Amino acid sequence: MGSGPPVIEPSYTVATVTDKISSVVLTRRTPVGWIIGFSVALLLTMTFLTAVLTLFAAGIGIWGVNVPVAWGFAIINFVWWIGIGHAGTLISAILLLMQQKWRQSINRFAEAMTLFAVLCAAVFPLLHLGRPKFFYWLFPYPSLHGVPPQFRSPLVWDVFAVATYFTVSLLFWYVGLLPDLATFRDCAKRKLAKIVYGVLAMGWRGSAIHWHRYDTAYLLLAGLATPLVVSVHTVVSFDFATSILPGWHTTLFPPYFVAGAIYSGFAMVLVLAIPLRAAYGLEGLITPRHLDNMAKIMLATGLIVDYGYVMEAFFAWYSGNEAERFMMINRMIGPYAPAFWATIACNGLAILALWFPRVRRNVPALFGIALLVLVGMWLERFFIVLTSLHRDFLPSSWGMYYPTIWDWATFAGTIGLFFTLLFLFIRFLPLISMFEVRALVEPKT
Amino acid sequence: MNFPPIYGLLAEFDTSASLLKAARQARAEGYRTMDAFSPMPVEGLSEALGFRHTRLPWIVLAGGLFGAAGGFFLQWYLSVIGYPLNVGGRPYNSWPAFIVVSFELAILAAAFAAVLSMLACNGLPQPYHPLFNVPRFESASRDRFFLCIEAADPSFDPDKTRRFLESLKPHEIFEVPH
Amino acid sequence: MNTPEQDSVDRREFLQFMAASIATAGLAGCARQPEEKIVPYVRPPEILVPGKPLVFATVIPFCGIAAPVLVESHEGRPTKVEGNPQHPGSLGAADAFAQASVLSLYDPDRAQVVASSGNISTWSTFLAQLVPLMAQQRVTRGAGLRILTESVTSPTLLRQLDDLLREFPDARWHAHEPVRRPQDILYRVDRADVILTIDSDLFSCDPGNARTLADFAARRVPPRMNRLYAIESTFSGTGAAADHRRPGRACDMESFAWQVLDGIEGKPPDDPWIAALVRDLLAHRGSSLVVTGHHLPPTVLQMGLAINQALDNVGRTVVFTDPPPPHPSDIESLVQEMNASRVHFLLILGANPVYTAPADLHFTRALDKVLFKAHLSLYEDETSERCDWHIPEAHPLESWSDARACDGTVSIVQPLIAPLYGGRTAHELIAALVGKGPQRSYDLVRATWRNLSDTEWETALHDGFIKGSALPPASKTIDRPPRPATTSADGMEIVIRPDPSVWDGRFANNAWLQELPKPLSHLTWDNAALLSPRTAARLDLKNEDVIELRTRGRSVQAPVWIMPGNADDSITVHLGYGRTRAGRVGTGAGFNAYPLRTSDALGGGTGLVIRKTGLRRRLASTQSHHRLDGRDHARRATIDKLPPESELKSHPSLYPEFPYKDYAWGMTIDLSRCTGCNACVVACQAENNVPVVGKDEVLRGREMHWLRIDTCFSGPAEDPDAILQPMLCVHCEKAPCEVVCPVNATVHDGEGLNAMIYNRCVGTRYCSNNCPYKVRRFNFFGTAQQVSPVQQLQYNPDVTVRGRGVMEKCTYCVQRISASRIQTKKEDRLIRDGELLTACQQACPAGAIVFGNLNDPTSRVSQLKRDPRNYAVLADLNTRPRTTHLLKVRNPNPEISDG
């Protein structure tokens, strides 16, 4: 991806880049579209709060979970959201290490997306507890009763992985924001903005020696975030892979989940970037080159996921294990088969169009495919969680899971929460990394 | 103690290349206590100012090792010494299961080490700096490039240094008050 | 400065006072003791030690038959009913009904006041009303006085009725038992080598079922096994236990019986199956047994007896008794008299005839013609609504009374608690009617048994029965019924049976029984029209479709449930549902089948017409998939093809072996013995405070039973083989649930129990997901903590009542282990084998469940683990379960090859 059309339109200079990006926050009036979008998102967030309060008041029984399907929407949504988060880290960390310069106009909001997605993901394990008020028992703290967490449990690994992921992503994001906050401090006209951005900028002044340490730290963080991002979805996959359930207990899960995570994450980046660049006239900064590259990554990771589907079926057959084979057949023709085939349609067939450059350059088509991928990845988690649980070893304990209105409300609510945070981010923080784009447009001598 | 009347002299440049050149010449002229400012990192600028390398990677490595060792010790102690329990017939010291948390804590500690030590070495947060007294310095975060020779430098002389800076053909020269 | 005078009450004394007043306050607060002296089973209550339960022997009358029980009482609160091991009619087992009776005791829906035409009144007002009425009756020699009861075996009540009828010679006593069961026949299954049941659910519906099942199960151990043939219209637990089972319509049972009888008498049947059966019966003359279902027409019962007589079984495996007089008239004659307006004063004791009387009698219409109607019952039910007076009845656990067991052995019913709601007994009511002599139940019962010395009386109370009071065998002439003209009727038939959970409706308000999954179908909270898969296909019916059942001009609407093994063209419905005034639990559950029941065809009959209504009614079954589908977790083998050795050895493991020093608890469950009678399920529920969640929650798959009995069908759907497999936490040594718990809320203890620490549980439910046996239960709403204060009195104080959001499961009755351990530690010894029983083991009439110490190679459980029948469910997962199953052994007739 080194050659090809320019990453940034050549007409931009260091000064215009800064003005263009900072004007979104500092000078332009709040667009009507923002107000509408934010209102809708806020309404959904209120739905979320209602659903959560009802849950706390009435108990986990308001959801559709039961025995045998003790995990339902909460875990599906958890895995989905945290997977989406992965693209941000991948763009900011792995592409940085690979010196992919095109990442620099999308990494900031992709990182923000990561943070918000992880936040949305993290609420689910907490909400799905029977007794959420005791969630802190999963942390090793010096407690009076002296009982520590059980470190063999993948759920404890989850706590550490997700907490670390969120913290490191936040640090990474904030460190990246530091010089841009200084720009805002300097460009802001209003006193309050100057003070707020000034405090957040910590007195950054662009000293060459600071830049030197800054670059080192940023690279090290990228180096740390890279194994971290791989580990997080690996650990999430351990929730399933270390269990003994047919269809869950497989060594395939870690790579399959990581690829799926990046896949859905890039789909989300596209779903966000395409309207954003149109709304704020950022086509010169987020160029067709970006979209093309992201589509290629989506295609590559999507094919890995498809390989996973094929291998799951192969393993089930090759294992010779009664329960495994039944699980696979049930997945394909059982009561939840529509979810499986819809997943295949979204993740297996729809993305094949991305082989064609014409499709990758067609922005509406790309947007549509990215949406399909998001749906497909959600459905994939749906059938993984449900088909293994609802019919496992003893036919006598088989059952069905039907989500309730509160399951849907909570899911829709987190989408609202995600977009609420995203709208606030767009309104108050630079959505493209200015200092990094400046480096791209600065004429080299 | 006797403070010089000003903090230093600040020269503004149009491009990173001219700043880099200016910095090299200033060092050649014998100035040591000086700093350059740019809206984005400029390759070679810190070396031009005489800054060699940073200890940051070592601090991060130490942080990571501490996180890993601490994390493993925590799990081992709690599972083997603190409250040994027969959990599913697994050994008390189920070390393979303890790898994940050790790894995550290693990353966490290393990341904190990286960010905190970067801030600490840079002396941030720093709410006040004399350079902020120069109104024009605001554009250092937008598109302008600055070189500041501080009055604390032994070879600083208000007139001589100003003449030297003028010889670098800057856009403008400012006096930086305290 | 303290002077001796000032310190007259010193600190020590003060504390003693405090302790005493707190103790008595606690007692007064939760339960009132009966006034009369009652005798505990184990220890005399010189001092009631708080925290130490007392056990009393008593009986729970059911359809007149005494179920001998021991009742555990905590600080004066009866909490648990178990079988009385010393009683010949129980051998330690108690069926689900008897065990669940303790829940009815505390039912807040029970009638709590004397009511006159729906208004609150008092007992003394009622007595005052009686005076002029009885004076009037005295004049007419009781011509207008009628008493309607259920089956009565109580010698005291019989004596009182006898006295009353002597005093009022023209008065009449009628008895109405909705489910009419012969009470003068005793089946001695222990003496039978070959048993044939003709549409009879012998082990769950017949009098003395607990003892019958125990005797049967004792002979289900290879190498010397009995053999059971069952032909039945719907799949029952008896059919599931049978070596040969065959579906057949109830209307064909008579001709089937004739074929058997003809075969025995030398005319070989055409059907090879019946021919082989007949040869087997003939080979076991005198040690065979034929039992017929009591819902079948009386002619079939006569046929059964005739076959037994032809096989020389009478006096050996079939024993008759002669119930002592007086004998009641039936309800049909009562209705006739009521319709003729000859009844002025009707006293209904316990029965609910408005709901249960045969539909063709139009009992309600007749009842309205009676001038004065008084009803004594536990609940204000459909009958109370139409009576002038309703008197709350005392529960058997609140009453003094007596009753006979199936063999006639007399037991004294002794109260464990004073009536919670001021209930009266039938004895008190009859005594009040007569107006003279003793008026209190205790005095009345004691008067019946005045020939017993005080010591003998106390012994009878202590043991729970009067020794040697069994009825002597009687001889009986058996009339062979006439041979029916036509052999078989075409078309659909309906079979009406008592419900396995709520019987004739009397337990409709008992939540434990309502939520008890019915054997094989696992339906809860509803009855249904059971039909065979082939009939359903023919009529294009699916589960939960509502159909109209019409026979003889009467119709009801019922949801369909497809029952594999049901006879084709035969629909079975169960009684006891569709109550309109049962209470908050029972009202509205299911449909009422009584309107289809006429006095000439109480068990149903042919001529059924079915119409699809297009409606649907959701049915809550706790098991959705009954087919084994070739899996091997429920195993069976024929007696000649048993596996060579026990599957004790496990796969190798990378994990260390943990030492278990004194005890290593383990369990075996013998599938050969299980008939799915549900006694263990109720026992577990009562012992462990397992909550009831309601139909909606069962529909969502959230039932809470720690112990379930899985039905595993294999073979053709028309006539499948069934294995009934009790499944509960198997306490894996390498427990998958424990490893995934993030907070150490489920761990192993030092005796190998898979312990669940409720207080620590945060409710991730991961353990349930990772349990391959799916035996963990989750408190989605915490219903256990939401029951009314009076129902909380039933809770076992030794077991935590779980709150919302925590997981729970079988604990191997850890509270019993703990109590036993404390006791034996005081005596400085180990717990002996058989000394400690889990609740399910204790309740199982068949002795299918054995629990004990695996460290002791001589314990019964250790021996069974070495038995070739022993296997672990899902052994290939290497979870090393401590509970293993003994595969189901069939003893087929080599001449029949049907499985």
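Predicted model: local features only at pLDDT ≥ 70, side-chain atom pairs only at ≥ 80, totals over all residues.
Author: Local features here need pLDDT of at least 70, side-chain atom pairs count only at pLDDT 80 or more, and totals for chains, interfaces and linings use all residues. Residues are numbered from 1 along each chain as its sequence is written, with chains lettered from A and ligands numbered from 1 in the order in which they are written.

Reader: How many residues of chain A are in contact with chain C?

Author: Contact means that C-beta atoms, placed from the backbone, lie within 7 Å. By that rule, 36 residues of chain A are in contact with 42 residues of chain C.

Reader: Next, helix α10 of chain C: which of its residues are buried?

Author: Helices are DSSP runs (H or I, at least four residues) and strands likewise (E, at least two), numbered from the N terminus. Buried means 20 or more other C-beta atoms within 10 Å of a residue's own, again placed from the backbone. In α10(C), the buried residues include Val300(C), Leu301(C) and Ile307(C). The buried residues pack against β9, α8, β12 and β13 of chain C. Just past the helix, Asp312(C) has a positive phi of about 60 degrees.

Reader: Which residue is the bridge partner of Ile547(C) in β24(C)?

Author: Strands pair if DSSP finds at least two bridges between them. β23(C) and β24(C) are antiparallel over six bridges, and Ile547(C) partners Ala558(C). Arg552(C), in the hairpin turn, has a positive phi of about 50 degrees.

Terms used. Contact = placed C-beta atoms within 7 Å. Buried ≥ 20, exposed ≤ 12 C-beta atoms within 10 Å, placed from the backbone.
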